[in-house]
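Reader: Could you take me through one part of this model in detail? I'd like to know what meets what, and what sits on either side.

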Amino acid sequence: MDAERAITLLVLGAAIIGVGVALHRQGALGRGALALVVAMTVTIVGFLFLTYS
């Protein structure tokens with residue numbers, strides 16, 4: 001995997017988690033749902049990272 005693709009995946013994952021945290025702070029997302037968003041994001045980004053490497 002080239003560095004550009006790896007950085008893109010990391011930025012995408014950070015952006016998704018950031019939106020989840022922002023929704024949680026606004027009260028629109030509970031703690032369990034936030035944990036689910038983080039877990040699924042890490043799983044998908046990790047899968048894509050391993051697939052392309």
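Predicted model: local features only at pLDDT ≥ 70, side-chain atom pairs only at ≥ 80, totals over all residues.

Author: Let's start at the contact between the two helices: R5, A6, L9, G13, I16, I17, G20, V21 and H24 of α1 meet R31, L34, V37, V38, T41, V45, L48, F49 and Y52 of α2. Contact here means heavy atoms within 4.5 Å, and helices are DSSP runs (H or I, at least four residues) numbered from the N terminus. By kind, the residues of this contact split into twelve nonpolar, four polar and two charged.

Residues are numbered from 1 along each chain as its sequence is written, and side-chain values use heavy atoms, with hydrogens and water left out.

Now the geometry. The axes of α1 and α2 come within 10 Å and cross at roughly 175°. That makes α1 roughly antiparallel to α2, a label for angles over 145 degrees, with under 35 being roughly parallel, 65 to 115 roughly perpendicular and the rest oblique. The axes are lines fitted to C-alpha atoms, for helices over the stretch in contact, and the angles run from 0 to 180 degrees between N-to-C directions.

As for the helices themselves, α1 has 24 residues that should span 34 Å at 1.5 Å a residue, and its end C-alpha atoms are 35 Å apart, which agrees. The expected span is 1.5 Å times one less than the number of residues. Just after α1, G27 takes a positive phi of about 90°.

Which residues are tucked away? In α1 the buried ones are A6, L9, G13 and G20, and they pack against α2. Buried means under 20% relative accessible area, exposed over 50% and partly exposed in between (1.4 Å probe, protein chains only). In α2 the buried residues are L34, T41 and V45. Seen down the axis of α2, they fall within an arc of 30°, so they line one face of the helix; the arc is that of the directions from the helix axis to the C-beta atoms. These buried residues of α2 pack against α1. On the other side of α2, G32, L36, F47 and L50 are exposed.

Zoom in on T41 in α2. At 8% relative accessibility, T41 counts as buried. Neighbours within four places in sequence aside, T41 is in contact with G13, I16 and I17. Seen from α1, I16 touches V37 and T41, again not counting residues up to four places away. I16 is partly exposed, at 38% relative accessible area.

Conventions:
Nonpolar A, V, L, I, M, F, W, Y, C, P; charged D, E, K, R; others polar.
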